[in-house]
Structures are given as structure tokens and as C-alpha cells.
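Student: I have this model open and want to go through it. Can we start with the helices and then move to the charged residues?

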Amino acid sequence: MGRVSTSHQPLRGVPAPADSGARVLQPPRMGRWALDVAFVWKAVLTLGLVLLYYCFSIGITFYNKWLTKSFHFPLFMTMLHLAVIFLFSALSRALVQCSSHRARVVLSWADYLRRVAPTALATALDVGLSNWSFLYVTVSLYTMTKSSAVLFILIFSLIFKLEELRAALVLVVLLIAGGLFMFTYKSTQFNVEGFALVLGASFIGGIRWTLTQMLLQKAELGLQNPIDTMFHLQPLMFLGLFPLFAVFEGLHLSTSEKIFRFQDTGLLLRVLGSLFLGGILAFGLGFSEFLLVSRTSSLTLSIAGIFKEVCTLLLAAHLLGDQISLLNWLGFVLCLSGISLHVALKALHSRGDGGPKALKGLGSSPDLELLLRSSQREEGDNEEEEYFVAQGQQ
């Protein structure tokens with residue numbers, strides 16, 4: 001008989017037994033394909049959400065500027081937008097409640113007036129003054145000046161101890177302030193009154209987003225859902241803006257032939273339709289911002305906001321003929337450098353705390369909840385702060 005080999009050689013066609021920890025099993029091709037598809041799908045989804053946010057954000061800026069050229073009542077326009085937002089928010093709450101069979105949150109009068117009213121008043125003044133400034137300033141000057149809201153957000157974050165003073169923050173402030181000065185210095189289309197309005201809006205915007213952050217961190221109120229937040233804010237915003245409207249626009253609007261003393265029904269319907277469309281854009285902007293944050297992260301919104309500023313200025317120069325000198329462009333780049341530095345610092349700080357965590361929930365649950373519960377408050381603080389900084393760029 002032949003000699004029997006004692007070497008351990010696997011038989012042909014029979015897989016060798018897996019060594020204990022010696023070999024690493026390669027994932028099957030179907031697994032790799034599934035990962036590739038998931039990555040591509042997430043990239044496409046993110047791009048789609050960013051483009052949706054761009055459409056609403058850039059669209060409402062140019063739309064309001066176009067509308068105020070023929071309709072010189074920006075405060076009334078803003079109040080009608082608030083009414084449309086409230087209508088769509090109430091309708092959305094009703095649809096979500098019917099589909100999820102869960103009652104929506106309704107605040108008591110005490111909580112509503114004590115906790116929501118300050119945020120609503122600041123938001124109303126921010127939006128109202130911003131739209132008012134379109135009567136006097138170009139889209140490019142408006143965009144650049146509104147970017148300075150990051151300054152005021154940082155200042156009020158320091159005052160309310162939501163942020164710690166660091167040398168890097170001082171550099172951010174200097175870059176943004178220096179860029180704003182260079183952009184407005186010897187600008188050929190500079191208007192003092194309009195600049196004061198939009199700068200005041202940026203200042204109030206810093207208060208607005210600081211108060212909004214504090215409001216959303218109060219998990220016991222249950223206003224983490226953007227629809228619920230907009231639903232509760234709009235009535236007080238309307239009431240807060242009404243005295244300003246009554247003083248500056250009430251008499252002129254009551255004698256205007258475009259609204260109350262109309263003689264052409266077709267003109268009245270066109271004006272109301274234009275105002276209603278602006279309200280739809282305003283509602284879409286608020287919802288697309290929260291949708292982008294929840295599906296990706298607030299860092300994505302911050303970066304998208306930076307590129308949105310560039311797109312807005314390029315479109316303003318190309319479509320509206322805004323005159324932007326080389327010094328103005330350098331100032332704009334300097335301001336965006338400050339904003340980018342702040343976003344990068346937030347991202348690094350968040351990664352040091354264990355990695356940035358996207359705010360999950362919106363679009364991933366039946367009732368579109370943003371899950372910002374009190375147990376997650378500390379780990380979500382960095383993401384929330386990045387989100388509110390991104391809002392300061394609007």
C-alpha cells in the first residue's frame with residue numbers, strides 16, 4: 001500500500017475550516033454593493049435636501065426684493081406671511097395627528113406668554129426689519145449684513161453662558177466685523193437707512209436664535225417639532241408686529257388702491273396671490289431647514305449656508321445688476337472666512353466630544369419629531385449651537 005500523507009491539506013472543492021482569528025472573512029460582494037448603494041442614496045438625498053433649502057432660501061430673498069419694488073408695505077407683507085405659516089402649521093398638525101393618532105402639544109397660557117412670547121417678539125422684529133430693509137438696500141448688501149448676525153449670536157451666547165470665551169472666537173469676531181466694514185466701505189449702492197434696518201435685524205436675530213435655542217432645550221415644553229414651534233410662534237409674532245405696522249403703514253395701506261380702496265378686482269387678486277405665495281415660500285424655508293438638519297446634521301446646514309451666500313451674491317450681481325467692487329468681494333471673502341472658521345471650530349469641538357451627532361427624527365418617524373429630549377441635551381448641545389449659527393446667516 002502507498003504511504004499516507006499526514007500533511008493537513010484541504011480537499012479540492014471543499015472550503016478550508018476557518019482559523020480562530022487567523023483569517024479575516026471578506027464581506028460578500030452583495031454586502032459591498034448594498035453599502036455602495038446606501039452611500040450613493042445618502043449622498044443624493046443630502047444633495048436634494050440642500051437644493052431644496054437653496055430654492056426656498058434664495059428664492060424668498062429675491063422674491064421679497066422683487067415684490068417690495070411694486071408693493072411698498074413690507075410689514076403688512078410680513079404679517080400676511082405669518083398668517084399663511086400659521087395656517088399651514090395648523091393644517092400639518094391636524095394631518096400628523098390624524099395619521100399618528102397622537103395629540104399635539106398645546107401650551108398653557110402661562111408657559112405661552114412667559115416662555116414663548118420673548119422668542120416670538122424677537123423673531124417678529126428680525127423678520128419684519130429684514131423685509132423692511134428691502135425697500136432701500138440691494139440683495140448683496142442685505143445678504144452680507146445679515147451674515148453679521150453670527151457676531152451677535154456669539155455675543156449673546158457669551159452673555160447667556162451658552163459659549164465660553166476663547167481666543168478663536170475673538171478671531172472669528174474680528175474677521176466677520178472686518179469683512180462687513182470692507183464690504184460697506186465706499187459702496188456705490190450703500191443706503192444708510194436700509195443698512196441700519198438690516199443691521200438692527202441682525203442684532204435682534206442674535207437675540208432671536210439665542211432665545212430659540214433656550215426654548216428648544218426646554219424639553220418639558222414639547223416644542224422640538226418645527227411644526228409645533230411655528231404653530232405657537234406665529235400668533236404672538238403677528239401681534240408683536242402689528243403696532244409697528246399700524247404706526248408706519250396703517251394709514252397709507254388703508255388709502256391704497258391696491259388693497260382696501262381697490263377699483264380693479266383682478267389687481268387685488270394678483271396682489272393677494274403674490275403675498276400668499278411669499279407665505280408659502282416662508283413656510284417652506286422653515287421646514288426645509290429643519291428637514292436638512294434632521295436628515296443630515298447642523299454642520300451640513302452651516303456649510304450649505306456658506307455656499308448659499310456665495311450663490312446669492314453671484315445671482316444678485318448677474319440678475320439684478322448689483323455693483324460689487326473688488327474691495328467688497330475681499331470683504332465678503334473675509335466675512336465668510338470668519339464664519340467658516342467658526343463652523344470648523346464647532347465641528348472639531350463636537351468631534352472631540354465623541355463625534356457630531358445628527359439630530360435624528362424629522363422624516364424618520366411618523367410625526368416628524370426632532371428628538372431633543374432632556375437625556376440627550378448635553379450630547380446635542382454642539383449640534384444645536386451649529387444649527388443656530390447657521391440660522392444667523394439667513
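Student: At the start of H7, which backbone nitrogen does a side-chain oxygen of Asn 191 reach?

Tutor: That of Glu 193, to within 3.1 Å. This counts as a polar contact (N or O atoms within 3.5 Å, one able to donate a hydrogen and the other to accept it; residues adjacent in sequence count only if both atoms are side-chain atoms). Note that the model is predicted: local features need pLDDT of at least 70, side-chain atom pairs count only at pLDDT 80 or more, and totals for chains, interfaces and linings use all residues. Residues are numbered from 1 along each chain as its sequence is written, and side-chain values use heavy atoms, leaving out hydrogens and water.

Student: How many residues does H7 have?

Tutor: H7 spans residues 192-216, which is 25 residues. Helices here are DSSP runs of H or I with at least four residues, numbered from the N terminus. From first C-alpha to last H7 reaches 35 Å, close to the 36 Å expected at 1.5 Å a residue; the expected span is 1.5 Å times one less than the number of residues.

Student: And H8, where does it bend?

Tutor: At Phe 242, by about 30°, with Pro 243 following within four residues. The bend is the angle between axes fitted to the seven residues ending there and the seven starting there.

Student: Next topic. How many salt bridges are there?

Tutor: Five. A salt bridge is a side-chain nitrogen of Lys or Arg within 4 Å of a carboxyl oxygen of Asp or Glu. One of them joins Arg 104 and Asp 228, with the closest N and O atoms 2.8 Å apart. That pair links distant parts of the chain, 124 residues apart: Arg 104 is in the loop between H2 and H3, and Asp 228 is in H8.

Student: Are Arg 104 and Asp 228 buried or exposed?

Tutor: Both are buried, meaning under 20% relative accessible area, where exposed is over 50% and partly exposed is in between (1.4 Å probe, protein chains only). Arg 93 is linked with Arg 104 and Asp 228 in a network of salt bridges.

Student: What does Lys 146 pair with?

Tutor: Asp 126, at 2.8 Å from N to O. Asp 126 is in H3 and Lys 146 in H4, so the pair ties together parts 20 residues apart in sequence.

Student: What about Glu 249, which backbone nitrogen is by its side chain?

Tutor: The nitrogen of Phe 76, which lies 3.0 Å from a polar atom of the Glu 249 side chain. Glu 249 is buried and has no salt bridge.

Key: Helices (H or I, at least four residues) and strands (E, at least two) are DSSP runs, numbered from the N terminus. Lys and Arg count as positive and Asp and Glu as negative; His and the chain ends are not counted.
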